[in-house]
Amino acid sequence: MSSQANILARLRQNRPQGPALPDIDAVPFITFDDKFDAFRTLVRNLGGDAVQLADGDSVLSVVQQRWPQHGRLVDLTVAGHEESPSPHAWHDVDVAIVPGELAVAESAAVWVSHADNQWRSIYFLTQKLVLVVPRDAIVDTMRDAYRRIAIREQGFGGFISGSSRTADIEQSLVMGAHGAMAALVIFV
Amino acid sequence: MKNDNIHHAEAAAAFLQDREQARWHDSAIWWVRQKRDMQAKQLPEWEQLRALAQQIKAHTLSRLDDYLLQFQANAEKNGVTVHWAADADEHNRIVQGILAAEGVKKLVKSKSMLTEECGLNPYLEQHGIEVIDTDLGERIVQLRQEPPSHIVMPAIHLKKEQISELFHRELGTEAGNNDPTYLTHAARANLREHFLTADAGLTGVNFAIAETGGVVVCTNEGNADLGTALPPIHIASMGLEKIIPRLEHLGVFTRLLARSAIGSPITTYTSHFHRARPGGQMHIVIVDNGRSDILGNDDFYQSLRCIRCGACMNTCPVYRRSTGHSYSYIIPGPIGSTLGPSRDIKKHGSMAFACTTCGSCSNVCPVKINLHEQLVLQRKRAFDAGTLKPAKKMGLLAMRFLTQHPSLMDSGGKVMRKVVPIVPESLTRHSAWSRPGRALPEMPEQSFKEMWQARQKDKKA
């Protein structure tokens, strides 16, 4: 017998009793009066920031103001955006502006799964990550988020919350472990 | 790989020789427990959330074979190759086979306790493959050629001075520069080169979704993402208990995992992998390695609900004061102390006694595993299997004899309460009670039984 058949046979034979699946909507979860404010307060503690785009302002100008000396900038939110010949060729991107589909107030997470992107490496190679999220696409909890997301990008989708970080040396929190050193969420 | 011959009490005694380091270890990990508490208190539904997670996992375990088959079918629909490994050896051979077929020379790995359990790194290195652990803590212990001491914080047993010295030697950082930011960014630069030049990436799996055939990996560093977005081959190794039925269930588990593990609302990256990157290939290796046996054990199968958050070790008064390196099994702390003995009671019997039975682990466990109850049952197995040191065995046998003979227990207690206070200090100097931080307890006037009887009499009067 193959390992698969052996393992499955043992699992079948050793089945313990178990309950039915619970209704995860039966329990009320936390809600926020001001979801944007909850999101912003949290993301600032996680190596990021969040702003609401003012009338007449543009994402690009917000980025320019924040990082006037920035290096290579790639904007995936525009149609016909720049493409890369390989996932590795994004290695020198300084600022990546990418569409975020949905934001979550309780965790400061943004769902990223962009149908019009070939190489997801850009999200993790860039030094500064800018996530552009529609103003009304913000939910209270991860349960609400999982109701609304879909895997649109080459089989990939991810929640990103703040910047890459680690506390592996003496529990000292350091921003910029392997991924982006800074994260900015712009609600438009 | 870990030395199976570690005896918990002896290794812990050696660790406690350095009082300052031991105190730091205790308080650093207790702080993580406190951060977990702060997160839990912010959610009014915390206890209900734990109950939901417990029910979902308990349900899944009751039909694991069905969900695994569903998972496999959906993963294959996505173009993913699914492999099954009965044990560690088969897992290692499968991974090596995939890498050999594509001529892989360098593999970047993100954190996976399963591959530690299987001893994958030494196996691949023997076959000429360079293996780079990329989680910062894992990289540190890999360079030191030692196992992780914690499942979430692999290098928590080390001080920054030790890491600075290591990086100076291995990565050429400035001698004496102990700044964690400087050291982290030096490792970042070094590991970026490895990510960009690796031929394949291997990750663990936090959750495998039966409904979609995808796997979810949670990290704060982004190493699993770089390791799978750049090289053309992604191998995901998963224990067969990692399965959850539906995508929506992540709305429960992602709320619990990072809050329980590190006191954060979520990890920086919660990545859902359903296919290889364009032009690449994705493999999932489903590993049994003793899990199906545990499933059939009424006393211990609940341990398969574990989501590897590490909350049980952060709260454990014994773990905090002994480090993960004092446990013989690769997973330390309360959860390791039931998983290890379940796997091999002869090797890991001492772990069942690394416990005060305080029950704190069971109280923080996000999937409500009855950890402290399992540890008591593992003690019985350790005793029956003859793994106890002679002194411990004699002590337990004497205690059993006493508790079975109440009048002897009463009179023995009476004698002890009289004699102990007048024992000269020279006689106790070399006993367990003379070690630093310990003292003979003061002897009460009455035994508990006498106090209880007096109390009952007062009530009636």
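Analyst: A residue is called buried if 20 or more other C-beta atoms lie within 10 Å of its own. Please keep in mind that this is a predicted model.

User: Then why does Gly227(B) count as buried?

Analyst: Gly227(B) has 29 C-beta neighbours inside 10 Å, and therefore it counts as buried. Gly227(B) belongs to helix α11 of chain B, which covers residues 223–229.

User: Which residues does Gly227(B) touch?

Analyst: Setting aside residues up to four places away in sequence, Gly227(B) touches Val108(B), Ser110(B), Thr134(B), Phe195(B), Ala198(B), Gly201(B) and Thr203(B). Take Gly201(B) from that list: Gly201(B) and Gly227(B) are 26 residues apart in sequence, but 4.9 Å apart in space from C-alpha to C-alpha.

User: And Asp116(A), is it buried or partly exposed?

Analyst: Asp116(A) counts as partly exposed, because it has 13 C-beta neighbours inside 10 Å. Asp116(A) sits in the loop between β5 (109–112) and α4 of chain A. The C-alpha atoms of Asp116(A) and Pro99(A) are separated by 10.0 Å, and the two residues are 17 apart along the chain.

User: New topic: which residues of helix α2 of chain A are buried?

Analyst: In α2(A), which spans residues 35–44, the buried residues are Ala38(A), Phe39(A), Leu42(A) and Val43(A). They lie on the same side of α2(A), because they cover an arc of only 120° around the axis.

User: What do they pack against?

Analyst: The buried residues of α2(A) pack against β1 (48–52), β4 (102–104), β7 (138–139) and β11 (182–187) of chain A.

User: Which residues touch the most other members of the largest nonpolar core?

Analyst: Val110(A), Leu131(A) and Val185(A) do, in a core of 171 residues. Helix α12 of chain B, residues 250–262, gives the most to this core, with 8 residues. Leaving aside neighbours within four places in sequence, the contacts of Val185(A) include Val43(A), Val110(A) and Leu131(A).

User: How many residues of each chain are in contact across the two chains?

Analyst: 63 residues of chain A are in contact with 72 residues of chain B. The side of chain A that touches chain B takes its largest share, 8 residues, from α1(A). By kind, the residues on this side of chain A divide into 27 nonpolar, 26 polar and 10 charged.

User: How do β8(A) and strand β9 of chain B pair?

Analyst: β8(A) pairs in the antiparallel sense with β9(B), residues 269–273, over 5 bridges. Within this pairing, Ile160(A) stands opposite Tyr269(B). β9(B) also pairs in the antiparallel sense with β6(B), residues 214–219, over 5 bridges, and there Val217(B) has Ser271(B) as its bridge partner.

User: What is the order of the strands in the open sheet?

Analyst: The open sheet has 8 strands with mixed pairing, in the order β7(A)-β4(A)-β5(A)-β8(A)-β9(B)-β6(B)-β5(B)-β8(B). β7(A) and β8(B) (243–244) stand at the edges with a single partner strand each, so one side of each has no neighbour in the sheet.

User: Lastly, what are the domains of chain B?

Analyst: Chain B is divided into domain 1 (43–292) and domain 2 (417–460). The centres of these two domains, taken over C-alpha atoms, are separated by 51 Å.

Technical notes:
Residues numbered from 1 in each chain as written. Chains lettered and ligands numbered in written order. Predicted model: local features only at pLDDT ≥ 70, side-chain atom pairs only at ≥ 80, totals over all residues. Contact = placed C-beta atoms within 7 Å. Helix = DSSP H or I, 4+ residues; strand = E, 2+ residues; numbered from the N terminus. Nonpolar A, V, L, I, M, F, W, Y, C, P; charged D, E, K, R; others polar. Pairing = 2+ DSSP bridges. Buried ≥ 20, exposed ≤ 12 C-beta atoms within 10 Å, placed from the backbone. Arc of directions from axis to C-beta. Domains from an automatic or database assignment. Core = buried A, V, L, I, M, F, W, Y, C linked by C-beta atoms within 7 Å.
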